[in-house]
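Look at the model first, then read on.

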Amino acid sequence: MKILLVDDETELVSTLAERLEIRGIEAEWVSNGEDALKKTETQSYDLAVLDVKMPKIGGFKLKKILHEKYPDMKFIFLTGHGSEDDFKAGTVEAGVAYYLVKPVKIEALIEKIHAALGEHE
Amino acid sequence: MTQQLDIIGETGIQFFGKISASISHEFKNALAIINENAGLLDDFTLMAEKGIPIDPERLRFPAENIAKQIQRANEIVKRMNQFSHSTDKSLKMLELGEMTKFMATISERFAAIRSITLDTKLPETPIMILTHPFLLETLIFLCLDFAMDAVGEKKTIGIITGKTENSVCLRFTGLKRLGEVQTDFPTGREMSLLAYLNAELATETDAGEIILYLPEKISESENT
C-alpha cells in the first residue's frame with residue numbers, strides 16, 4: 001500500500017506521513033497539486049489524501065484530474081473547514097465517500113485508508 | 001438612506017463572517033499541526049518503551065514545530081482580537097498605512113488560495129485619518145477582492161498608501177486585466193460604503209489601477 005498526502009501545511013503533512021510510516025504504511029507527501037501531478041507521473045499510489053483548500057489546484061479539482069488519469073486510485077479529503085455539513089456536500093459531489101476534518105486522529109485516518117481501499121485491518 | 005444603511009449592514013456582516021471563518025480556519029490548521037506533532041512525540045515515547053532506539057534529532061523537529069505553531073496561533077488570535085475591536089468605535093483616528101498593512105495580512109489567505117501576492121508599500125510619513133474603522137476595512141476588502149479578479153500575469157497586487165492635495169489615497173496596482181474583467185464594480189455595496197465614508201473610487205484601466213480617495217476626516221455629525 002502506498003499513500004500520497006497533499007496539503008499546503010507542510011509541517012502537518014510531513015508529520016502525518018512520518019506517523020503513517022511508523023505504522024508500516026508507505027507514505028509520501030507534497031505541498032501542492034502541481035507537485036502531486038508530477039509525483040504521480042513517476043510513482044504509483046493506491047490512495048491520495050487531499051486537502052481541499054490549496055493554492056492553484058484545490059483538492060476537489062486535483063481529485064478530478066487524478067481520477068481521470070488513474071481510475072483505480074482512491075481518495076480521502078482533508079479539511080479544516082468549520083462546517084462539516086457544507087464540506088460533506090462537497091465530498092459527495094466529488095464522488096468521494098471518505099473525509100476527515102482537522103485535527104486528524106491518526107487511527108481515524110488509518111481506518112479510512114483501509115476502508116477506502118476496501119481492506120479490513 | 002435606510003436602504004443604504006441596510007446594504008452597509010449586510011455587507012459588513014458578510015465581511016466579518018468571511019474574515020472570522022478565514023482566521024478560524026488558519027487557527028485550526030495550527031492546532032492540527034500541534035496535534036500531529038504531539039502525536040508523533042507520543043509515537044516516539046511508545047517506541048522507546050518498546051526498546052526501539054530513538055535518535056534525539058528526531059525529537060527536536062516535533063518539539064520545534066509545536067513551539068512554532070503556538071507562536072503562529074498566538075499571532076492569529078492577536079489579529080482576530082484586533083479585527084474584532086475595529087467595530088468598537090464608529091469614528092476613530094487611525095494610521096492608514098498600518099491599517100492597510102493589517103488588511104493585507106488578514107486577506108493573505110484569500111490571496112494565497114488564488115496564488116496572488118499582496119505587496120504593501122507604507123507611506124514615508126504616517127497618514128492619520130478620522131474615519132469609521134470597520135467600514136473602511138470592509139471597503140478595502142471589497143476593493144482587494146475585486147483586484148484579485150483583475151490582477152495581471154505577475155499575480156502581484158501592489159497596495160500603496162499616499163496623499164493627494166485634498167485627500168489621502170490607496171492605490172491597488174498590478175491590475176492588468178481590468179479591461180477584461182466583466183463586472184459592474186463598484187456595485188451598490190461599494191457605492192453605499194463610499195458614500196458613507198465620503199470617499200471616491202477611480203478606475204484607471206490603462207494603468208491597471210483602482211484608486212480609493214479618502215477624506216482626512218469624515219464628518220462626525222453626518223455619519224454617527
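## Two domains in chain B

The C-alpha centres of domain 1 of chain B and domain 2 of chain B are 29 Å apart. Domain 1 covers 2-85 and domain 2 covers 92-223; such bounds come from an automatic or database domain assignment. Across the boundary, 12 residues of domain 1 of chain B are in contact with 15 residues of domain 2 of chain B. Contact means that the C-beta atoms, placed from the backbone, lie within 7 Å.

α1(B) gives the most to the domain 1 side, with nine residues. Helices (H or I, at least four residues) and strands (E, at least two) are DSSP runs, numbered from the N terminus.

## How the model is read

This is a predicted model: local features need pLDDT of at least 70, side-chain atom pairs count only at pLDDT 80 or more, and totals for chains, interfaces and linings use all residues. Residues are numbered from 1 along each chain as its sequence is written, while chains are lettered from A and ligands numbered from 1 in the order in which they are written.

## The sheet of chain A

Chain A has an open sheet of five strands, in the order β2-β1-β3-β4-β5, with parallel pairing. Strands pair if DSSP finds at least two bridges between them. The edge strands are β2 (26-30) and β5 (99-101) of chain A.

Five bridges join β1 (residues 2-6) of chain A to β2(A). Lys2(A) has Glu26(A) in β2(A) as its bridge partner.

Terms used: Contact = placed C-beta atoms within 7 Å.
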